[in-house]
Amino acid sequence: MHELLQTASVQDLTIEGIARRAGVGKPTLYKWWGTKADIVLAMVKERVEPSLDPPADLSLEASVQFKARRLVDAFNGFFGRVMAGLIAEAQHDPDLQVRINQAYILPRRAGTIADIRKAQSDGTFPAEIDPEIIVDQVFGCLYFHLLTGVHPLTHAYADQLVETVFSQARRKA
């Protein structure tokens with residue numbers, strides 16, 4: 001699968017091609033996965049999912065910046081191309097959208113939201129700001145640019161994005 005996606009998009013993959021490459025029949029694939037997108041999602045989870053875990057000693061803002069930079073790096077490579085393809089497929093498959101959210105998006109959101117809530121309880125981040133909005137502002141922008149190509153995904157962009165979001169949050173406090 002990983003090798004197939006080096007030269008083909010998620011949309012161009014077929015169950016037949018995956019089965020041929022794996023040396024198995026289509027029924028074997030369908031026994032374990034319902035769709036080609038499920039196979040791709042499983043491969044992403046197993047082989048190419050980036051680690052966004054920051055060092056424990058960072059401030060909240062530095063931690064979010066670390067995660068944003070790591071995501072930029074991932075989006076600029078194989079993971080970004082595959083994730084964009086999966087998200088495109090999910091536009092026509094609401095069940096796949098749910099599976100992507102459950103397998104990848106929501107666990108990462110939950111981790112960052114927990115970090116923000118901890119900073120709020122420590123008094124180092126404004127308590128009146130909804131942590132989900134912070135996550136949406138930073139990471140939603142990165143996903144938007146992955147999918148549209150409107151702005152290049154660079155560390156400088158990620159840094160400016162995090163700085164702007166946290167600056168706004170501090171002003172609101």
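In what order do the elements of the chain run from the N terminus on? In this predicted model, the order is α-α-α-α-α-α-α-α-α.

View 1. The secondary structure of the chain comprises 9 helices and 0 strands. Along the principal axes, the C-alpha atoms fill a box of roughly 60 × 30 × 30 Å. Of the 173 residues in the chain, 42% are buried. When contacts between residues at least 6 apart in sequence are considered, 62% of them join residues at least 24 apart.

**View 2. Helix α2 and the glycine that follows.** Helix α2 spans residues 15-22, and its buried residues are Ile15, Gly17, Ile18 and Ala19. An α-helix has 3.6 residues a turn, so residues three or four places apart point the same way. After α2 comes glycine 23, which has a positive phi, near 70°.

**View 3. Helix α9 and its packing partners.** Helix α9 covers residues 155-172 and contains 18 residues. From its first C-alpha to its last, α9 reaches 26 Å, close to the 26 Å expected at 1.5 Å a residue. The buried residues of α9 are Tyr157, Ala158, Asp159, Leu161, Val162, Val165, Phe166, Ser167 and Ala169. These buried residues pack against α5 (60-75) and α8 (131-148).

**View 4. Serine 63 in helix α5.** Serine 63 is located in helix α5. Its relative accessibility is 7%, and serine 63 therefore counts as buried, the cut-off being under 20%. Leaving aside residues up to four places away in sequence, serine 63 touches Pro54, Leu58 and Asp115.

**View 5. The largest pocket and its lining.** Rolling a probe the size of a water molecule over the atoms shows where empty space is left. The largest pocket has a volume of about 510 Å³. Its lining consists of 24 residues, and those nearest the centre of the pocket are Ile105, Arg108, Arg109, Phe139 and Tyr143. Two or more lining residues are given by each of α5, α6 (78-90), α7 (94-122) and α8. The largest share of the lining, 10 residues, belongs to α7. Divided by class, the lining of the largest pocket has 12 nonpolar, 7 polar and 5 charged residues.

View 6. A pair of aromatic rings is described by the distance of the centres and the angle of the planes. The whole structure holds 4 aromatic pairs. In the pair of phenylalanine 75 and phenylalanine 79, the ring centres are 6.1 Å apart and the planes lie at 5°. Why is the pair of phenylalanine 75 and phenylalanine 79 described as stacked? Planes under 30 degrees apart count as stacked, and the angle for this pair is 5°, so the rings meet that description. Phenylalanine 75 is buried, its relative accessible area being 5%, and phenylalanine 79 is likewise buried, at 4% relative accessibility. One aromatic cluster is formed by Phe75, Phe79, Tyr104 and Tyr143; Tyr143 also belongs to the residues that lie nearest the centre of the largest pocket.

**View 7. Tyrosine 104 in helix α7.** Tyrosine 104, a member of the aromatic cluster, has its place in helix α7. Is tyrosine 104 buried or exposed? With a relative accessible area of 2%, tyrosine 104 is buried. Tyrosine 104 is 65 residues from isoleucine 39 in sequence, and the two are 14 Å apart in space, C-alpha to C-alpha.

Terms used: Residues numbered from 1 in each chain as written. Predicted model: local features only at pLDDT ≥ 70, side-chain atom pairs only at ≥ 80, totals over all residues. Heavy atoms only, no water. Buried < 20%, exposed > 50% of the residue type's maximum accessible area, 1.4 Å probe, protein only. Helix = DSSP H or I, 4+ residues; strand = E, 2+ residues; numbered from the N terminus. Expected span 1.5 Å × (residues − 1). Contact = heavy atoms within 4.5 Å. 1 Å grid on protein atoms, 1.4 Å probe; cavity = no way out; pocket = protein on both sides within 12 Å on 5 of 7 lines; lining within 4 Å. Points joined across faces, edges and corners; volume = space filled by probe spheres on them. Nonpolar A, V, L, I, M, F, W, Y, C, P; charged D, E, K, R; others polar. Phe/Tyr/Trp six-rings, centres within 6.5 Å; stacked < 30°, edge-to-face > 60°.
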